[in-house]
Amino acid sequence: MPYLWKIKQPYNVSVPAATAARVSLEHAAAIQVTVDQLIAERARLFGLLQGVEFLRPYPSQSNFILCRVLGQDAAQLKAALAHDGILVRYFNKPGLTDHIRISVGKPEHNDALLAALNKLG
């Protein structure tokens, strides 16, 4: 048995997850359309966030944008956005206490986020 642990992958993958991965690889072209839309929306959102006076977004290659919050408390900003139905991530960790993480959504979701941010600014 100790020999098997040496060749085990670091994360367990369930049968349904493996099946979903295999099926998605069979439909890579269709999935690429969604990926391309996400990339374009991320670029648009990044540009819009740069215009928010109290945020400094970091460039991203992921499905979220990390933003430094300037001149106000990041936890309070998260709470104010949540009050408006906008959920962002806040990490109460050293080095991130003045940051929020914004997931890239559909254009209408990102527009709602910007409207809420502008109302708070």
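The protein chain has 5 helices and 4 strands. Those are DSSP runs, numbered from the N terminus: helices are H or I with at least four residues, strands are E with at least two. In sequence order the pattern reads α-α-α-β-β-α-β-β-α. The radius of gyration is 19 Å, well over the 14 Å that the globule rule gives for 121 residues, so the chain is more spread out than a compact globule. That radius is taken over C-alpha atoms, and the rule is 2.2 Å times the number of residues to the power 0.38.

A word on the source. This is a predicted model, where local features need pLDDT of at least 70 and side-chain atom pairs count only at pLDDT 80 or more, while totals for chains, interfaces and linings use all residues. Residues are numbered from 1 along each chain as its sequence is written, and side-chain values use heavy atoms, with hydrogens and water left out.

Now the overall numbers. The C-alpha trace spans about 55 × 35 × 25 Å along its principal axes. Buried residues make up 24% of the 121. Buried means under 20% relative accessible area, exposed means over 50%, and partly exposed is in between, using a 1.4 Å probe and protein chains only. Take contacts with a separation of 6 or more: residues 24 or more positions apart account for 54% of them. Contact here means heavy atoms within 4.5 Å.

Next, the core. Which residues touch the most other members of the largest nonpolar core? They are Leu49, Leu55, Ile100, Leu113 and Leu117, out of 22 residues. Such a core is a set of buried Ala, Val, Leu, Ile, Met, Phe, Trp, Tyr and Cys residues joined through side-chain atoms within 4.5 Å. At least two core residues come from each of α3 (28–50), β2 (64–69), α4 (74–83), β4 (99–103) and α5 (107–120). Helix α5 gives the most, with 4 residues.

Look at Ile100. Leaving aside neighbours within four places in sequence, Ile100 is in contact with Leu55, Ile65, Leu66, Cys67, Val69, Ala74, Leu77, Val88 and Arg89.

Last stop, Lys78. This residue lies in helix α4. Is Lys78 buried, partly exposed or exposed? Its relative accessible area is 29%, so Lys78 is partly exposed. Beyond neighbours within four places in sequence, Lys78 is in contact with Val88 and Tyr90. Lys78 and Val88 are 10 residues apart in sequence, and their C-alpha atoms are 6.2 Å apart in space. Val88 is also on the contact list of Ile100.
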